[in-house]
Amino acid sequence: MNKIKFVTAFILTACQCFAQQTDIRVNPELGDEVSCSDISATDYKDYPFLSLADNHIKLNGANWSRLKTAFDNSKSSVVSVLHIGDSHIQAEGSTSRTRYRLQECFGRAGRGLTAPLRIAGTNAPMDYKIASECNFRTSRLLKTPYDTQPGFTGVAVEPLTEVFDISISCGDAFDSLCIFATGESSVEVDSASPDVLAGVLSASTGLTDVLLTKPVSSLTLRMRTVPGTAITAIELMHGNHGVEYSAIGNNGATYAHYDALEGFAENTRHMHPDLIIISLGTNEAFGRVSDDELRMHIESLINKLRMYNPDATMLLTTPQECYRRSRTRQRRRRSSSYAINPNINRMRNIITEYGVKNHIAVYDWYAASGGCGSASEWLSHRMMNTDRVHLTWDGYHIMGDMLADALLEKLATIQPNKDKTAGDESAIRHK
């Protein structure tokens, strides 16, 4: 009897954990996004619950002079930003706005990373599309066991034929691209494809640089691979100066997931990031991670990223207050209720304390978004989704605007590092 009770309790606990995680791992239903260029500047007066007094980046003793110099040199070289996160980042509702704002100030160096998310069976940003009529074996970060090894973007699509076509379209024109792949070989691009000037296999396995004859907004590439090779990302570039703002987001992702993802930190080095932003913590608040476990995963991930990107500036952000759903069942009826998830503030405190202790800059989005009690305001102003975890497009655009404001403000106050020279202006950035 005791054994039966134990097994029953175990099953119930597992089901409860799954039910909690389901709230944040589903694809957010946000509707069609409005183009960033069609949105007027945010009037924060309409949202008095926002804490503009907290909308600042605290350096915590970190030296940002190298990053300041990189932005100062944006007229002659590329500034690379890499933003890592969860479902709040996967749809790129906020990063699309931050990208737009920074590129308006410092120039446009291309869309940056795109991933075959739709082919892999999950939601994708609205400003680009990667499609193919071919069949693929796919993988996603949280969908295990993997049918093929996911790459550093958390997804991978492995063609079931040796030769295949992939179409790419993007709102931002691009004149070169880099194809990232997992496996023992790179992807070979047919140079006879229209608009392709040259397809160059990089010295690094898994990279293929492609030069185009002119800037384009859409392109179909004929590719060839060996079995076991899967595409994980396509970086879209334009020119050799300005800001390239890339994002890696996966529904349900945590520090632990990226820490455990094979080759994740190692492959971020190919992006040559000047700034790495990490926006995680929401999913941890729906699980059972302890304070010490979270600190351990933060430290491990940051150490790995620093190992492969020693010159990159780090910025941690905190998660925003949200709700947690509870489900009850009485007889044959099921009901749901929502309450503020108290673990969000716990995650926020651990992240901010880690930044202070280790001299890593922190952007306290929890405080800037309004802090304790603000979730109800976001919900009533229709800036939080009905799932009470994700935001609406309007909410994400405000989130992206406020991060851009904080970054621009901080960059304006930093003294540049005069010893840093402008970046390489070669035609292919990854060469």
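Two strands pair if DSSP finds at least two bridges between them. Helices (H or I, at least four residues) and strands (E, at least two) are DSSP runs, numbered from the N terminus. The model is predicted: local features need pLDDT of at least 70, side-chain atom pairs count only at pLDDT 80 or more, and totals for chains, interfaces and linings use all residues. Residues are numbered from 1 along each chain as its sequence is written, and side-chain values use heavy atoms, with hydrogens and water left out.

**View 1. The open six-stranded sheet.** Its strand order is β1-β17-β14-β13-β2-β12, and the pairing is mixed. β1 (57–58) and β12 (242–249) are the edge strands; each has a single partner, so one side of each lacks a neighbour in the sheet.

**View 2. Strands β14 and β17.** β14 (residues 313–317) and β17 (residues 361–363) run parallel, joined by three bridges. Thr317 sits opposite Tyr363 of β17.

**View 3. Helix α4 on the sheet.** α4 (residues 95–106) lies across β2 (78–85) and β12. Its direction is at about 170° to β12. Axes are lines fitted to C-alpha atoms, for helices over the stretch in contact, and angles run from 0 to 180 degrees between N-to-C directions.

**View 4. Helix α4 against helix α11.** The axes of α4 and α11 (residues 393–413) come within 7 Å and cross at roughly 35°. This crossing is right-handed (the near helix is turned clockwise from the far one by less than a right angle). In contact (heavy atoms within 4.5 Å) are, among others, Arg97, Arg101, Leu102 and Phe106 of α4 with His397, Asp401, Leu408 and Leu411 of α11. The contact residues comprise eight nonpolar, four polar and four charged. Ala, Val, Leu, Ile, Met, Phe, Trp, Tyr, Cys and Pro count as nonpolar, Asp, Glu, Lys and Arg as charged, and the others, Gly among them, as polar.

**View 5. Helix α7 against helix α8.** α7 (residues 291–308) and α8 (residues 343–358) pack at about 50°, with axes 10 Å apart. The α7 side includes Leu294, Ile298 and Ile302; the α8 side includes Met347, Ile350 and Tyr354. Seven nonpolar, one polar and five charged residues make up the contact of α7 with α8.

**View 6. The whole chain.** The chain holds eleven helices and 17 strands. Of its 431 residues, 53% count as buried (under 20% relative accessible area, 1.4 Å probe, protein chains only).

How values were computed: Buried means under 20% relative accessible area, exposed over 50%, partly exposed in between (1.4 Å probe, protein chains only).
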